[in-house]
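Please open the model in a viewer and keep the sequence panel at hand.

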Amino acid sequence: MTYQHILFAADFSDDAPRVGERAREIARRCGARLSLIHVVEDLNISLGGGYELLPVLPELPDEALLREARELLGELARRLEVEDAEKWVINAPSTKEGILGAARDHGADLIVVGSHGRHGLALLLGSTANAVLHGAPCDVLAVRI
Ligand code: AMP
């Protein structure tokens, strides 16, 4: 089995380098393109005070948050020695949608996630890993954490 475009979904947990190493090794073995993605979820402001009929307004995350995420993703790429890989920090309604949308848009044929990250410690498979697995247009590797 060989892959052509591997998408590593990176959070910034302590385990992220280990998950990234797996993605890097498979990419090297296959001679595949490697992309790193980090999703910054939309922030929602809900207005209280009896304004139930007002919609929940999506607000773009702070530019500072996106900038910090870009820096952290750059650091992770340096640590993994994959500076040449494409690095995407994107804003999406959910992490799942961001990862799956990018996989579709850029024709990834393998998504690499950690089995658990910040959200999923209590679950058999972390929430993002689970969501990605169920909606993916391609293979998914959940690296055991
Ligand atoms: P979790 O849903 O927090 O258990 O995370 C499981 C895995 O999903 C992590 O190891 C990452 O590979 C991926 N992941 C979690 N959050 C993000 C994020 N914001 N952007 C990209 N990938 C993420």
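The tour begins with the sheet and then turns to single strands, helices and cores.

The model is a predicted one. Select the strands in the order E5-E2-E1-E6-E7: these 5 strands form an open sheet with parallel pairing. Strand E5 (86-92) and E7 stand at the edges; each has a single partner strand, so one side of each is left without a neighbour in the sheet. From one strand to the next, the twist averages 25°.

**Strand E1 and its partners.** Select residues 5-9, which make up strand E1 and include His 5. Toward E2, 5 bridges join the two strands, which run parallel; in this pairing His 5 stands opposite Arg 33. Helix H3 (residues 95-105) packs on the sheet, where it touches E1, E2, E5 and E6, and its direction makes about 150° with that of E2. On the E6 side of E1, 3 bridges join the parallel strands E1 and E6, and Leu 7 stands opposite Ile 111.

**His 5.** Is His 5 buried or exposed? Its relative accessible area is 4%; because this value is under 20%, His 5 counts as buried. Display the side chains of His 5 and Ser 35, which a polar contact of 2.7 Å joins. Beyond its neighbours within four places in sequence, His 5 is in contact with several residues, among them Ala 32, Trp 88, His 106 and Asp 109.

**Strand E6.** How many of the residues of E6 are buried? The count is 5 of the 5, so E6 is largely enclosed by the rest of the structure. Both faces are covered: Leu 110, Val 112 and Gly 114 are buried on one side, and Ile 111 and Val 113 on the other. Strand E7 (residues 139-143) runs parallel to E6 and is joined to E6 by 5 bridges; Gly 114 stands opposite Val 143 there.

**Helix H1.** At 1.5 Å a residue, the 15 residues of H1 should span 21 Å, and the end C-alpha atoms are 21 Å apart, which agrees. Colour the buried residues of this helix: Ala 16, Pro 17, Val 19, Gly 20, Ala 23, Arg 24, Ile 26 and Ala 27. These buried residues pack against E1, E2, H2, E6 and E7. Just after H1, Gly 31 takes a positive phi of about 65°.

In soluble globular proteins, nonpolar side chains tend to be buried together. Here the largest nonpolar core has 25 residues, and Ile 6, Phe 8, Leu 34, Leu 36, Val 82 and Val 112 are those with the most contacts inside it. A second, separate core of 16 residues includes Ile 37, Leu 100, Ala 103 and Ala 108.

**Leu 36.** As a last stop, centre the view on Leu 36 and show its surroundings. Which residues does Leu 36 touch, not counting residues up to four places away in sequence? They are Phe 8, Leu 73, Ala 77, Val 82, Ala 85, Glu 86, Lys 87 and Trp 88.

Conventions: Residues are numbered from 1 along each chain as its sequence is written. This is a predicted model: local features need pLDDT of at least 70, side-chain atom pairs count only at pLDDT 80 or more; totals for chains, interfaces and linings use all residues. Side-chain values use heavy atoms; hydrogens and water are left out. Helices (H or I, at least four residues) and strands (E, at least two) are DSSP runs, numbered from the N terminus. Buried means under 20% relative accessible area, exposed over 50%, partly exposed in between (1.4 Å probe, protein chains only). A polar contact is a pair of N or O atoms within 3.5 Å; within protein, one must be able to donate a hydrogen and the other to accept it, and residues adjacent in sequence count only if both atoms are side-chain atoms. Contact means heavy atoms within 4.5 Å. A nonpolar core is a set of buried Ala, Val, Leu, Ile, Met, Phe, Trp, Tyr and Cys residues joined through side-chain atoms within 4.5 Å. Two strands pair if DSSP finds at least two bridges between them. The expected span of a helix is 1.5 Å times one less than its number of residues. Axes are lines fitted to C-alpha atoms, for helices over the stretch in contact, and angles run from 0 to 180 degrees between N-to-C directions.
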